[in-house]
Amino acid sequence: MIGNDIVDLNRAAKESNWKRTGYLEKIFTPEEKFLIHTAKDPDILVWLFWSMKEAAYKAATDQTKIRSFAPFLLSCSNLVLHPGTATGNITYDGKLYHSQSIITQTYIHTIAATRTKMLNDIKLKIDDYDAADRSYKESNPTSISHHGSFLALIYL
């Protein structure tokens with residue numbers, strides 16, 4: 001199974017105040033909160049972890065068809081950051097998901113899959129998002145994500 005998530009960083013900065021009391025406690029594990037609080041750029045780490053959790057959740061629900069998003073139940077680990085990219089693991093409901101992320105000035109995009117080989121076999125398309133234009137569905141993407149100005153499509 002595979003899932004993807006994209007976060008428009010400009011939209012997230014305007015609409016989500018992750019620094020408000022209780023926000024981090026509802027979403028992140030103690031280990032994730034520690035990494036956020038000690039990060040050089042905590043904003044990026046918040047949205048990277050969020051994107052990793054969302055991508056793994058989408059992969060899981062694609063398989064189970066059960067929708068019950070509780071971000072605290074998804075745990076990110078083995079995070080490796082490089083300039084512009086990241087890899088890591090997400091554990092959810094006893095299953096391990098592998099992830100790879102792209103980090104730009106304007107968005108963070110993550111793909112999560114049950115097998116690392118799947119991450120290498122995908123075709124990714126990131127485009128401008130227009131809520132009125134649904135024509136992208138005609139191309140039969142395996143996974144769809146959109147947020148703010150961005151649309152991310154995964155094809156296997």
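These legends accompany close-up views of a predicted model.

Look for N89 here: its side chain makes a polar contact of 3.2 Å with the side chain of H98. Leaving aside residues up to four places away in sequence, H98 touches G88, N89, I111, A112, A113, T114, R115, T116 and L119.

**View B. Strand β8 is largely enclosed by the rest of the structure.**
Here you can follow residues 150-155, which form strand β8. Six of the six are buried, so the strand is largely enclosed. In a regular strand, side chains alternate between the two faces of the sheet. In β8, F150, A152 and I154 point one way, while L151, L153 and Y155 point the other way, and all are buried.

**View C. Strand β6 runs antiparallel to β8.**
Strand β6 spans residues 123-128, and six bridges join it to β8.

**View D. Strands β7 and β8 form a hairpin.**
Residues 143-147 make up strand β7, which is joined to β8 by five bridges and runs antiparallel to it. A handy landmark is S145, with A152 as its bridge partner in β8. Two residues sit between the strands of this hairpin, and G148 takes a positive phi near 55 degrees.

Conventions
Residues are numbered from 1 along each chain as its sequence is written. This is a predicted model: local features need pLDDT of at least 70, side-chain atom pairs count only at pLDDT 80 or more; totals for chains, interfaces and linings use all residues. Side-chain values use heavy atoms; hydrogens and water are left out. A polar contact is a pair of N or O atoms within 3.5 Å; within protein, one must be able to donate a hydrogen and the other to accept it, and residues adjacent in sequence count only if both atoms are side-chain atoms. Contact means heavy atoms within 4.5 Å. Buried means under 20% relative accessible area, exposed over 50%, partly exposed in between (1.4 Å probe, protein chains only). Helices (H or I, at least four residues) and strands (E, at least two) are DSSP runs, numbered from the N terminus. Two strands pair if DSSP finds at least two bridges between them.
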